[in-house]
Amino acid sequence: MNTENLFTIDRRFRGFLPVVVDVETGGFNARTDALLEIAAVVIDMDDEGRLIPGATESVHVKPFPGANLDPKALAFTGIDPDHPFRFAKTEKEALETIFKPVRQAVKAHNCKRAVLVGHNAFFDLGFINAAVERTGIKRNPFHPFSTFDTVSLAGLAYGETVLAKAAAAAGMEWDSAEAHSALYDTQKTAELFCIIVNRWRELTLLAGDSVPGSAIPAVPPTE
């Protein structure tokens with residue numbers, strides 16, 4: 001059978017493109033607390049139908065005027081908003097930096113829209129949506145409320161909900177010194193998401209079911 005183009009990411013997720021996002025913030029309230037870092041990893045698919053982390057983008061963000069900066073949150077993330085080498089961008093500039101490659105990837109993969117993948121995805125999407133509202137950006141590539149949450153996926157797959165513990169259960173490397181930066185956490189969340197979805201695909205094949213998102217029937221399991 002000619003398998004060319006049968007494995008495509010738009011078919012796997014009914015026209016949606018998974019994009020892993022992590023934000024670091026000055027607190028827990030998306031409307032009042034500063035957005036300080038954003039990172040995104042576009043999810044891609046190889047020729048065998050396995051998900052792989054794709055292009056990565058990250059940016060430091062200047063607190064919006066009047067934004068709250070909780071000292072406890074800053075101590076947890078280790079972010080100094082006034083550090084001269086952050087080279088931070090305004091919220092609008094930062095969002096456009098993240099959104100541009102996402103829009104390009106959505107178009108390239110023939111998808112309708114991006115869906116945010118996150119570890120506690122509601123938190124990240126809430127800050128993205130609040131920043132979009134503040135800046136008046138019209139072309140937000142992300143679905144306004146649908147997400148893929150790796151907390152739920154990791155709980156199902158490994159019985160773990162903390163990112164570091166889920167990563168360990170998945171056999172991933174984890175550097176605690178790098179954790180809680182948007183870039184590192186996004187890359188690890190992307191890796192975890194791909195491992196879990198790919199493992200589900202393998203189990204589906206072993207069960208003799210058809211491959212999700214593909215016209216190719218599964219090979220029956222060998223006895």
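User: Which helices and strands each supply at least two residues of the lining of the largest pocket?

Analyst: Strand E1, helix H2 (71-77), H4 and helix H6 (163-169) each do. Helices (H or I, at least four residues) and strands (E, at least two) are DSSP runs, numbered from the N terminus. This is a predicted model, where local features need pLDDT of at least 70 and side-chain atom pairs count only at pLDDT 80 or more, while totals for chains, interfaces and linings use all residues. Residues are numbered from 1 along each chain as its sequence is written, and side-chain values use heavy atoms, with hydrogens and water left out.

User: What makes that space a pocket rather than a cavity?

Analyst: It comes down to whether the space is open: on a 1 Å grid over the protein atoms alone, a pocket is an open set with protein on both sides within 12 Å along at least five of seven lines, whereas in a cavity a 1.4 Å probe fits but cannot get out. The largest pocket holds about 590 Å³ of space, a volume being the space filled by probe spheres set on grid points joined across faces, edges and corners. Its lining counts 23 residues, and Asp22, Glu24, Phe76, His180 and Asp185 lie nearest its centre. A lining residue has an atom within 4 Å of a point.

User: What makes the span of H7 close to the expected one?

Analyst: The expected span is 1.5 Å times one less than the number of residues. H7 covers residues 182-206, 25 residues in all, and reaches 36 Å from its first C-alpha to its last, close to the 36 Å expected. After H7 comes Gly208, with a positive phi near 85°.

User: His180 turned up in the pocket. Why is His180 called partly exposed?

Analyst: Its relative accessible area is 31%, and buried means under 20%, exposed over 50%, partly exposed in between (1.4 Å probe, protein chains only), so His180 falls in the middle class. His180 lies in the loop between H6 and H7. Its phi is positive, near 75°, in a residue other than glycine. Asn120 also has a positive phi without being a glycine, about 65°. Asn120 lies in the loop between E4 and H4 and is partly exposed, at 35%.

User: Why is Gly26 called buried, and why is Ala75 called exposed?

Analyst: Gly26 has a relative accessible area of 0%, so it counts as buried. Ala75 has 63%, so it counts as exposed. Gly26 sits in the loop between E1 and E2, while Ala75 is in helix H2. They are 49 residues apart in sequence and 9.7 Å apart in space, C-alpha to C-alpha. Contact means heavy atoms within 4.5 Å. Leaving aside neighbours within four places in sequence, the contacts of Gly26 include Asp33, Leu36, Leu69 and Ala73.

User: What makes a group of residues a nonpolar core?

Analyst: The members are buried Ala, Val, Leu, Ile, Met, Phe, Trp, Tyr and Cys residues joined through side-chain atoms within 4.5 Å. The largest such core has 46 residues, and Val19, Val21, Ile38, Leu51 and Ile128 have the most contacts inside it. Among the elements giving two or more residues are strand E2 (35-45), helix H3 (91-108) and H7. Not counting residues up to four places away in sequence, Ile128 touches Val21, Val23, Ile38, Leu95, Phe99 and Leu116. A second, separate core has eight residues, including Ala154 and Ile196.
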